[in-house]
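User: I've got a model open and want to talk through how its strands and helices get their labels. Can you take my questions one at a time?

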Amino acid sequence: MIVEIYGARFVNKGAEMMLYAIVNKIKEQYPDAKFVLSCSSKAEFDLLTQKGFYKRITYRKHILDLGDLGRFIPKSVRLKNNIVLEKEIDVFFEASGFAYGDQWTYRMANYVANKFEKFKRNKTKLVVMPQALGPFNNQLNNQHTMRFINLADYVFVRDKQSFEYLEKLDIKHKNVKLMPDFTMLLKPQVDEKYIRLKDAVLIVPNKKVITTSKLPNIEELYTEMLKETILKLSSKGISTIFLIHEGVGDYHVAEAINNKLPNPIEIVWEKDIYKLKGIISQGKALIGSRFHSLVSSLSQAIPSIAIGWSHKYQMLFEDFNTEKNIFKVDDRKEVYLNKVDEFFTDNELLSEKENLLNQSAVQKEKIDEMWQIIFEKIIQ
């Protein structure tokens with residue numbers, strides 16, 4: 001079986017978690033499956049080769065899409081270099097996480113809709129994996145989103161708000177189900193070199209909180225909130241570290257906050273997703289703005305506080321019955337520091353861990369149900 005995965009790559013650790021969550025699960029059932037990612041440069045080609053993926057050669061820039069360039073490559077060369085043609089794909093997983101709705105250009109939905117139309121002609125099975133969607137108030141976005149949703153064999157939506165957004169579109173089939181984020185099943189790896197971080201509170205910044213907000217003083221609000229939270233925890237004798245969950249932009253946010261602190265805290269940047277999840281599994285708590293850092297903490301019963309930038313954070317915390325633990329970036333200082341005081345008591349942390357253990361079990365059962373649908377009704 002040849003499986004192409006779209007939308008999940010290696011820079012964003014949440015995206016990489018989605019990529020390997022699919023690869024690992026498919027391998028359990030189909031050990032000989034081949035996994036394909038598209039690439040359009042030699043650097044990408046070499047990276048995918050190094051990581052053991054098959055390649056589909058494409059080129060796309062703005063509205064220009066040259067399609068499957070592998071068709072111009074001799075078969076002997078394709079076989080030697082593990083290059084796959086579009087028509088050879090058996091199952092296509094769309095795993096973008098959050099890429100369709102008013103916050104994004106309609107071109108993204110249009111591109112995927114065009115791909116779905118080609119794959120449908122080849123009888124490729126099409127699965128939209130759990131992701132946030134919407135809102136949909138742009139006619140072109142709505143039109144192209146409906147095109148690919150209606151062509152999919154199954155659509156899994158990650159939260160109730162996204163499900164409600166999608167229901168307002170003209171969806172022609174009923175294979176749309178609400179399912180949680182599927183990276184919860186990835187196993188953490190606890191690296192010995194990080195044992196020293198056990199019971200620290202992990203601070204996970206996200207540059208998108210700053211770049212996506214319309215508040216004029218957002219950078220000051222966000223960095224001050226994290227700085228004051230770190231100082232409050234320090235006054236309680238609780239150690240903190242920054243944990244970088246994506247890239248250099250998040251690292252710069254951590255550096256900016258450190259520049260405000262009288263005693264800068266350690267910045268840990270682990271790029272292995274399993275070790276990253278292992279660090280989170282050992283934390284006392286996590287205060288973060290990267291969605292998949294919060295998925296990893298909540299699903300491992302690590303008490304968490306979110307400072308988010310879209311509806312997906314509220315929905316995730318509602319799934320874990322812990323929505324009271326979301327800060328708004330423009331909360332007054334006394335409001336969020338009082339919440340920190342209430343959150344970091346032994347009784348509250350213990351109660352929260354018990355709640356998360358119960359809710360995590362419920363969420364993981366749903367993910368098992370989703371994979372059962374995929375294996376029994378889509379991949380046969």
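This is a predicted model: local features need pLDDT of at least 70, side-chain atom pairs count only at pLDDT 80 or more; totals for chains, interfaces and linings use all residues.

User: What makes β1 and β5 a pair?

Analyst: Two strands count as paired once DSSP finds at least two bridges between them. Strand β1 (residues 2-6) and β5 have four bridges, in the parallel sense, so they pass that cut-off. One spot to look at is Tyr6, which sits opposite Glu94 in β5.

User: And what about β5 with β6?

Analyst: Four bridges again, parallel, linking β5 to strand β6 (residues 125-131). Phe93 faces Val127 in β6 there. To get from β5 to β6 the chain goes through helix α4 (residues 106-121), and that β-α-β crossover is right-handed.

User: Which way do the side chains of β5 point?

Analyst: Val91 and Phe93 go one way, Phe92 and Glu94 the other. In a regular strand, side chains alternate between the two faces of the sheet. All four are buried, so each has under 20% relative accessible area.

User: What makes β11 and β14 edge strands?

Analyst: In the open sheet ordered β11-β10-β9-β12-β13-β14, β11 (267-268) and β14 (326-327) each pair on one side only. Helix α10 (residues 273-281) packs on this sheet, touching β9, β10, β11 and β12.

Technical notes:
Residues are numbered from 1 along each chain as its sequence is written. Side-chain values use heavy atoms; hydrogens and water are left out. Buried means under 20% relative accessible area, exposed over 50%, partly exposed in between (1.4 Å probe, protein chains only). Helices (H or I, at least four residues) and strands (E, at least two) are DSSP runs, numbered from the N terminus. A crossover is right-handed if, with the strands pointing away from the viewer, the path from the first strand over the helix to the second runs clockwise. Contact means heavy atoms within 4.5 Å. Axes are lines fitted to C-alpha atoms, for helices over the stretch in contact, and angles run from 0 to 180 degrees between N-to-C directions.
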